[in-house]
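Have the model open beside you as you read.

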There are 2 protein chains.
Amino acid sequence: MIVEDKMRMPNGFMASGLHAGIKKIKKDMALVYSERECSAAGTFTTNKVKAAPVKYDISVLKSVKHGIIVNSGNANACTSKQGDEDAAEMARLAASYLKGDKDAYFVCSTGVIGVPLPMAKIEGGIKELVKNLSPSSEALMDASEAILTTDTFRKEASAVIRIGGKDITVTGFAKGSGMIHPNMATMLAFIITDANISSSLLQKMLGSGVEDTFNMISVDGDTSTNDTCLVLANGASETPEIVEKSAEAEEFKEALNYVLSTLACLITKDGEGAGRFIEVKVEGAKSKKDARLLARSVVSSNLVKAAFFGSDANWGRILCAMGYSGADFNPDDVSLVFSSAKGAIEVLKDGVPVSFDEEKAKTILLEKSVSVLAVLKDGEEKASAWGCDLTYDYVKINGDYRS
Amino acid sequence: MIVEDKMRMPNGFMASGLHAGIKKIKKDMALVYSERECSAAGTFTTNKVKAAPVKYDISVLKSVKHGIIVNSGNANACTSKQGDEDAAEMARLAASYLKGDKDAYFVCSTGVIGVPLPMAKIEGGIKELVKNLSPSSEALMDASEAILTTDTFRKEASAVIRIGGKDITVTGFAKGSGMIHPNMATMLAFIITDANISSSLLQKMLGSGVEDTFNMISVDGDTSTNDTCLVLANGASETPEIVEKSAEAEEFKEALNYVLSTLACLITKDGEGAGRFIEVKVEGAKSKKDARLLARSVVSSNLVKAAFFGSDANWGRILCAMGYSGADFNPDDVSLVFSSAKGAIEVLKDGVPVSFDEEKAKTILLEKSVSVLAVLKDGEEKASAWGCDLTYDYVKINGDYRS
């Protein structure tokens, strides 16, 4: 697998991004298109309150073949029957200029909740997006920029693998900062690839990939109404079909997971008000599920996050958050190590507090990127989770009055 | 039921509270004692990491007869085998001066995690506590003061019912602010009553009472290693035994629930950094469990809490938190009303946004005590939850370095 510095457009895809007038100034609509028919896969928010486009995408998951149409600035969430009709209309409008029917397109929206979509602007935007479609990396960057809301930078990742002497590109872009900013919502991620792979295998790989990446990050513990991760694979690399349990499948999975995990970490780094990136690693857990529960619980704890804000080696809070995670583990066997670029320090060894140099611990924890390792003796499973500290700015951003 | 303004000591109980030297200046040890044998009940943290005194109390729950010995300033949590021995030694020391064996006493600790108890100070403290035992309300207030850590005020409640022409007093006191302050831990609540009631009925009533009170509050979503709620009933009111399904049982339950809910709300009002008290009421839920899940999810959401800090009528976040609560409900039927002493305003009606006066909403939400009512159409069940807003001060208090 080769990691690309810059987003690389997979063969056979085109993209565009522009300002359609939903937001005041910034780009607010994006289109990704493949004339060649794609396999498709998607994972969606588990929130019972699903935005209209999420409901629409779930309904067309098996029939999508050609593209994704996205708007930012309005989430089309909590918009009743009108919202459902508007989501379908977005797909119909895209299809009217391009190949296939409306069920060949995914639709995504992110932004204000509870306000109907400005359909005249959406319609004008789609017309322009189709005109601007281009296979260039720059066009993909326009699309990547157009899906942002409160994000402070674009989130992009590309990896290339070679199968039978030919390149297969896996490229993704995402948005997400707080799960919901003052009425802004959502984590969105789009992966496109020219691999030749069935929808069913793609869905399987996406499902397990998301479990270990997007499902392991937490900015504030709030699961949005619009969270969506979509993959399109058009086979334009002209390589043989990737089949399950092959060496090629392993390679492709590695590239897909690289893109997913890079995007997930970028979202965490851009967490609302975040001052510090936190990685929590759990080793020696009884099961994968226990390892994930433990890592997620620690990275989601307000008290742990506040302690990291204060560069405080407060291992009691970490153990406490492990304790209420719901995971099965033996607290008397836990060892805890804090680390960063400035070194590592053990604070708990087999359940017994280690007297440690508080100054050294503080030096380690003052770094922008810090890590906690929890080692158990319950089994062989491991998991990682990623998050950020809880800061004054988080409260400020999310406490500001909307007007 | 008559509500008492001031804590009233139930018949046959004595108490004391004093400074034993665990903390620098403030009172740090408390004793509650009944010479007459008591029925006892208790509920404990569900955290898998349980402090030594919690493990001890669970082991003696069926044998406790005479009292509760408490220290603040040190949680005796994450203190290995030594901690278990120290907890048992605290009970043994109390018993050595009073009636019964060590298994006749509950032990509670709250404060720093991971530091062994200073047993010489504890021993001296217990000796003095026994000397100072008094049946006065003032002695009970000393005890109530001695269990506090980062609390800014004492939390106390008393109710009196009359059965057969005689008074039965139900009195409680509690501590708790953040679930864990920089290494300080715990919610503790102690209820004493001179009612004549079996341990099994008392346990049943406490269990259901705690479900609707202490289990429905959230300051920061972190469940401590030491959370404990204990009840002692000594029968010294000389009234007939309260038996299940009687009118007397209903009356006693009402008094117990009054004390529990008052203490729970006082803890929320003293939440770390809290500027605003929030009540979330859910009506029309399919089941009691669904109603509780919905109310708790809303009151625990960082984004909802931050919105209340900003007095922002951000109903999208409330609906979103209901959506990921895990409860079964129909989002298309939800109505939402914000209210306070300044009035009420409906923002969502049967799932459809209501256009409302933002200025009026802000006036309502600027009050110190605010309320959200969510009305569903899924059934007849209801529940309430209580919490506080997320403020700069919360981050400050919990981000400060421990030294």
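In what order do the seven strands of the open sheet in chain B stand? The order is β12-β19-β14-β18-β15-β16-β17, and the pairing is mixed. Before going further, please keep in mind that this is a predicted model, in which local features need pLDDT of at least 70, side-chain atom pairs count only at pLDDT 80 or more, and totals for chains, interfaces and linings use all residues. Residues are numbered from 1 along each chain as its sequence is written, while chains are lettered from A and ligands numbered from 1 in the order in which they are written.

A word on terms: helices (H or I, at least four residues) and strands (E, at least two) are DSSP runs numbered from the N terminus, and two strands pair if DSSP finds at least two bridges between them. At the edges of the chain B sheet you will find β12 (217–218) and β17 (352–353), each pairing on one side only. Further in, β15 (residues 335–340) and β18 (residues 369–375) of chain B are antiparallel and share five bridges; B:Val337, for instance, has B:Leu373 in β18(B) as its bridge partner.

Now turn to two helices of chain B. The axes of α1 (residues 52–60) and α2 (residues 80–97) of chain B come within 8 Å and cross at roughly 55 degrees; axes are lines fitted to C-alpha atoms, for helices over the stretch in contact, and angles run from 0 to 180 degrees between N-to-C directions. That makes α1(B) oblique to α2(B), a class left over once angles under 35 degrees (roughly parallel), over 145 (roughly antiparallel) and 65 to 115 (roughly perpendicular) are set aside. Residues making the contact include B:Pro53 and B:Tyr56 of α1(B) and B:Ala87 and B:Ala91 of α2(B), contact meaning C-beta atoms, placed from the backbone, within 7 Å.

Over in chain A, an open sheet of six strands runs β1-β7-β8-β11-β13-β4, again with mixed pairing. Its edges are β1 (2–4) and β4 (39–44) of chain A, each with a single partner strand, so one side of each is left without a neighbour in the sheet. From one strand to the next the twist averages 15 degrees. Three bridges join β1(A) to the antiparallel strand β7 (residues 155–163) of chain A, and A:Ile2 has A:Val160 as its bridge partner there. Finally, helix α5 (residues 199–212) of chain A lies across β4 and β13 of chain A, at about 30 degrees to β4(A).

How values were computed: Contact = placed C-beta atoms within 7 Å.
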